[in-house]
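Here is a short briefing on one protein chain. Start with a pair of helices, then step back to the whole chain.

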Amino acid sequence: DAYIVSCGLGAVLSAALTGPWALDAMVGTAVVGLGLEGAGAGLTWFSFSFLASVRMMRIVRVLQRSDASSGGAKWRRHIVYSILQVALFVFTAAATVMTLEILATPSTLGPEDSVDWNFAPAVVFVFTTVLTIGNSELVPTTASGRMLAIGIIGWGITFMVRRVLPLVRDIFLERKSGMGSYRAPQRHIGRHVVVFGTPTGPMLWDLLLEIFHPNHFESASEFDEFAPHVVIMLPNRQTLGHMRRLLMRQESLFFRERVFLLHGDAFFPQDVARASLSTADRALVLPNLGAANVDGDDAENIMRTFSLNDIVPPCPVTCMTHGAGGRLPLSSTSSGQNDFISVDAFKLSMMASALLTPGFMTFMCNLCKTVGDMNEKGDWSWRHEYEHALGMEIYEESLSMAYDGVSFSAAAWDVLARSSNC
């Protein structure tokens, strides 16, 4: 048998609160042994060593305050800290109330009024008391036990107000402001796209409309299976707020669940990890097309591109810049896993092609679609005709030698006259 000898209650409490807390906390036999009957139906030995859990609660609290992690890992750790604090308090309070009830059971109670206190019922009593739901089958009968029950209720309410509610509030506010993280589902691993840089809300909205355009998918089932997830990580909270409002539009109803907004930047490894870039299909670094200092904006985005290469080397990155500025070739270039695209170089190449080939610019404009807000009061009949004509493809056919020397207009009218579709 094991015996713990002390020099009074004060010495026991002092040793439990100031001694080696790890060793004292492991002396759980004192709690279990108190609920057992010894020889001659007497009480077995016990100690107050379980009060060392109070010191462990203080250590957990210090660890929680000194935790410097950020993002989703921060809140997961704080939730673990809170659970540990509750578990330690329930253990200490249960052992205390059991000890008080067993050692000071009033002799005035009859056998039918007595409660068989041991550690398991004590844990149930303390847990239900902390949650303020109560348990009618287990109630303390001693004055000290009842006073302790009042203290347990006060601690539970205080812990809920000072720890749980602020933690829930902070998690909600930080997730709403983009401080969460993205974890790709199993079937979407390697198929999501991460957007970095300094793009504006309208530019991102146009990008999303193009990525999730219905013409890219044959059916709704194909959209559900192959439509990618888009993770937008930006350092500007105002742009994230703008995107959050844009995603509330009715047009985004079918794809808003596939768009994830995060606050962060490509320069920080912890932010890149929150976007799960290591399992992404590609990263896009987009510029702010309305920036006043285009050179500075290009320099930042190029640095973001190389930062992503350093953090996650296997992931390919596409960087769009305002102009080549002597750093890049005329239109685009590839450097390892990087693709650089210059907006100004694309415009210049379009102008050069228009000069060399008359009608090239008109042809390209007919192929491209202008995106903008729809004016409900306008006449959109032309749009229906345009969309109807999109399904009509043009084929090239060689004409008969009989049209040799005939003018274009005469040949066209003759073809129309002979066509069965006219």
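In this predicted model, the axes of helix α8 (residues 201–211) and helix α10 (residues 237–246) come within 9 Å and cross at roughly 45°. Axes are lines fitted to C-alpha atoms, for helices over the stretch in contact, and angles run from 0 to 180 degrees between N-to-C directions. Angles under 35 degrees count as roughly parallel, over 145 as roughly antiparallel, 65 to 115 as roughly perpendicular and the rest as oblique, so α8 is oblique to α10.

**The helix pair**
- From α8, the contact (heavy atoms within 4.5 Å) involves Gly201, Pro202, Leu204, Trp205 and Leu208.
- From α10, Thr239, His242, Met243 and Leu246 take part.

**The whole chain**
- The chain has 16 helices and seven strands; these are DSSP runs, with helices (H or I) of at least four residues and strands (E) of at least two, numbered from the N terminus.
- Of its 422 residues, 35% count as buried, meaning under 20% relative accessible area with a 1.4 Å probe, protein chains only.
- Among contacts with a separation of 6 or more, 67% join residues 24 or more positions apart.

**Cysteines**
- Cys315 is buried, at 4% relative accessibility.
- Cys319 is buried too, at 0%.
- The whole structure has zero disulfides, a disulfide being a pair of cysteine sulfur atoms within 2.5 Å.

**Reading the model**
- Residues are numbered from 1 along each chain as its sequence is written, and side-chain values use heavy atoms, leaving out hydrogens and water.
- Local features need pLDDT of at least 70, side-chain atom pairs count only at pLDDT 80 or more, and totals for chains, interfaces and linings use all residues.

Note on methods. Buried means under 20% relative accessible area, exposed over 50%, partly exposed in between (1.4 Å probe, protein chains only).
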